[in-house]
Amino acid sequence: MKLMDSVKKEKIHLNQKKINIYLCGPTVYDNAHLGHARSSVCFDLLRRVLIAQGCEVNFVRNYTDIDDKILKKISENGKSIEEFTEFYIQSYEDDMRKLNVLDPNLKPRATHFIQEMIDLISQLDKKGFVYTLEDGLYFDTSKDKDYLSLSNRGLDENISRLNNDIKKKNESDFVLWKFDENFYESKFGKGRPGWHTECVAMIDSIFKDTLDIHAGGIDLFFPHHENESAQCRCGCERSLAKIWLHNGFVKINGEKMSKSLNNSFFIKDALKDFMGEVLRFYLLNSHYRAHFNYSLEDLYTAKKRLDKFYRLKKRLNIDSILDFNTTQNIVFKSDIAQKILEILNDDLNISKALAFLDDFINNANLELDKKNKTLKQDIENSLNELAKIFGFGFMGVKEYFQWGVSEDKKAFIENEILKRNEAKKDKDFKKADEIRENLAKEGILLQDTPSGTIWEYENA
């Protein structure tokens, strides 16, 4: 498998015993937004593709549960930091389940690794990379001859997001330990860790060696990942990761998504109008490194495309609901699954893979038109395997096409169908047509079949 590292395309040997992946997770001070969704879905696809080819994947995604943003929020609502962050961790995990994102093997929290962070800072201090200012301990980037080697930036390229009003030695220097009497004891003084130090300490503690893949959003590339890389190189005397992967920005109607621009769109907002599988499918539609432009029009278009997958399931009378979390120990036998994996092995070429999927669905329907019953089981097996690779296609057909309709509304629809059946029995076709037309105005489409009348909700 080949993946595009921060510098060049690198090859992963799929026969190695275990592949370790670390994904930078959220800072849990608010609901998860589409940027979180995009990153999680993209790298969940990577994980699924590796597992489908027999790799043992150790996937770790962290939580930053101590941060200036978190402390500001709890000062406003009076909750404890543990209570506050636990609420948003659970909220985030609920969103991930709705997007069919596999649960990580490990979900470390920054507050569980404070001593490891103190130890890392001590290592850096002994080696001469640390100096002290009135508000905390700082990493001296001028002492690292390879600083900026990851992002390949120049020293004049937006080095710091903060003004140099605290008299740092270099504008690019960053805080390792913030003095704060409300937090943790250390030999440096009571305080709390700087954000850039958290992941390095967790990765070093969990993996004990150079990580295979470090992933995250492109907004983390600099300065976060650059500063992580510097600390590991200088403190642990090794590279933090063999391969660095970054997914592109999410834009809202052509504008970069940003808290400061007040256009950060929460996952929960999108899920009010669309099921999680549709949002996942939409977020997968473009290559992980490409910047992604979110728009409702494109989301509706993606829904129509995913409908074809479920219409094929419906034609085959497959209404079983599969567990999206089951991936291990599955043998992928179908030719279509093998071809899709071959395509995705080239830096997760999702556009080509989904185009191939479209062709498969079209060809499968053509074969079924020819009454080729021998292929029905093969097609069903293929669809199940593809669901495991892509992470969509797990819903029952009825559940999928009736999503978004309340139980009371469903009862009303079924009662209207009974009335329509009675009208047809009485040869009152005008009334039967009126019932169909009235339901259609509400997006409820009826279909008469040999086994009775079924309905779908058309919400686009």
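1. Let's start in a loop: Asn152 sits between strand 6 (136-139) and strand 7 (174-184). Please keep in mind as you look around that this is a predicted model. Asn152 has a positive phi of about 55 degrees, although it is not a glycine. Is Asn152 buried or exposed? Its relative accessibility is 54%, so it counts as exposed, the cut-off being over 50%.

2. Now compare Asp347, which you will find in the loop between helix 10 (335-344) and helix 11 (350-369). Asp347 is not a glycine either, yet it has a positive phi of about 55 degrees.

3. Thr27 is buried, its relative accessible area being 17%. Which residues does Thr27 touch, once its neighbours within four places in sequence are left aside? The contacts are Thr64, Asp67, Ile70 and Trp195.

4. Strand 9 (residues 211-217) deserves a careful look. Seven of its seven residues are buried, so the strand is largely enclosed by the rest of the structure. Strand 9 pairs with strand 3 in the parallel sense over three bridges, and Tyr22 stands opposite His214 of strand 9.

5. Strand 9 also pairs with strand 10 (residues 241-247), again in the parallel sense, this time over six bridges. Here Ile213 has Ile243 in strand 10 as its bridge partner. To get from strand 9 to strand 10, the chain passes through helix 6 (residues 221-236), and this β-α-β crossover is right-handed.

6. While you are at helix 6, find Pro223, which belongs to it. What is the form of the peptide bond from Phe222 to Pro223? This bond is cis, with omega near 5 degrees.

7. Finally, step back to the whole protein. It has 15 helices and 15 strands, and its C-alpha atoms fill a box of roughly 90 × 50 × 35 Å along the principal axes. Of its 460 residues, 53% count as buried. Among contacts between residues at least 6 apart in sequence, 77% join residues at least 24 apart.

Conventions:
Residues numbered from 1 in each chain as written. Predicted model: local features only at pLDDT ≥ 70, side-chain atom pairs only at ≥ 80, totals over all residues. Heavy atoms only, no water. Buried < 20%, exposed > 50% of the residue type's maximum accessible area, 1.4 Å probe, protein only. Contact = heavy atoms within 4.5 Å. Helix = DSSP H or I, 4+ residues; strand = E, 2+ residues; numbered from the N terminus. Pairing = 2+ DSSP bridges. Right-handed = clockwise from strand over helix to strand, strands pointing away.
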